[in-house]
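Me: I have a structure here and some words I want to understand. Can we go through them one at a time?

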Amino acid sequence: MFGSFTNTATTTSTIRVAILYLQQQREFSPMEAAGTLVSFSLLVVAGSTTASWLIGAIGWRRSLGLGLTVVASGNAMMATWPSVAGIATAAGLCGLGIGIGSVAATDMGTHLMESFKATAAGLINSAAQLGTAIGTASILLVSTISSPRHAWITAAVCATLVAVTTSLRHPERRPVR
């Protein structure tokens, strides 16, 4: 569940910071800002469709860790290359990462006895919703009191820490497909 929380906490929030940055610092219209970040949505689909293969190849935890590492890379890129092209590319990385990580977290969390699957799915979804709310509040606060750059760095560090701890946890069984 913590993976689902972190996935949304470190992507939804940073995309919102990017939207505000593009509108306030670069004077983009709302449509221009949204168009710049469409790479996020497109690459969520790409990440989601490759996640099943990754899970079979490297397992749930490492797939989740890889997804969070890609998210961290996207956030770090936004912090270090805040040009329009940099933000569009970084948003795509965040989308790719959350696509991989979300599928891995959901598949891992619902690979249970039939009687527990519905409850697990609800808890995973709730964790993702809380991640969106708490992550957005926290990262926007950092952006407001400091700068968008510091907000993106904060999100990158959070995603990295969870990626490392998720990937290095005890050995896992690979899913049978």
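Reply: Let's start with helix H7. Keep in mind that this is a predicted model. The buried residues of H7 are Ala120, Ile124, Ala127, Ala128, Gly131, Thr132, Gly135, Thr136, Ile139 and Ser143.

Me: What do the buried residues of H7 pack against?

Reply: They pack against four helices: H1 (2-9), H2 (12-24), H6 (84-109) and H8 (148-168).

Me: How do you know that the span of H7 is close to the expected one?

Reply: H7 covers residues 114-145, which is 32 residues. From first C-alpha to last, H7 reaches 47 Å. At 1.5 Å a residue, 46 Å is expected. The two values are close.

Me: Why is alanine 51 called buried?

Reply: Buried means under 20% relative accessible area. Alanine 51 has 0%, so it counts as buried.

Me: Where is alanine 51, and what is it in contact with?

Reply: Alanine 51 sits in helix H4. Leaving aside neighbours within four places in sequence, alanine 51 touches Gly99, Ile100 and Val103. Contact here means heavy atoms within 4.5 Å.

Me: How far is alanine 51 from serine 138?

Reply: In sequence, they are 87 residues apart. In space, the distance is 28 Å, C-alpha to C-alpha.

How values were computed: Residues are numbered from 1 along each chain as its sequence is written. This is a predicted model: local features need pLDDT of at least 70, side-chain atom pairs count only at pLDDT 80 or more; totals for chains, interfaces and linings use all residues. Side-chain values use heavy atoms; hydrogens and water are left out. Helices (H or I, at least four residues) and strands (E, at least two) are DSSP runs, numbered from the N terminus. Buried means under 20% relative accessible area, exposed over 50%, partly exposed in between (1.4 Å probe, protein chains only). The expected span of a helix is 1.5 Å times one less than its number of residues.
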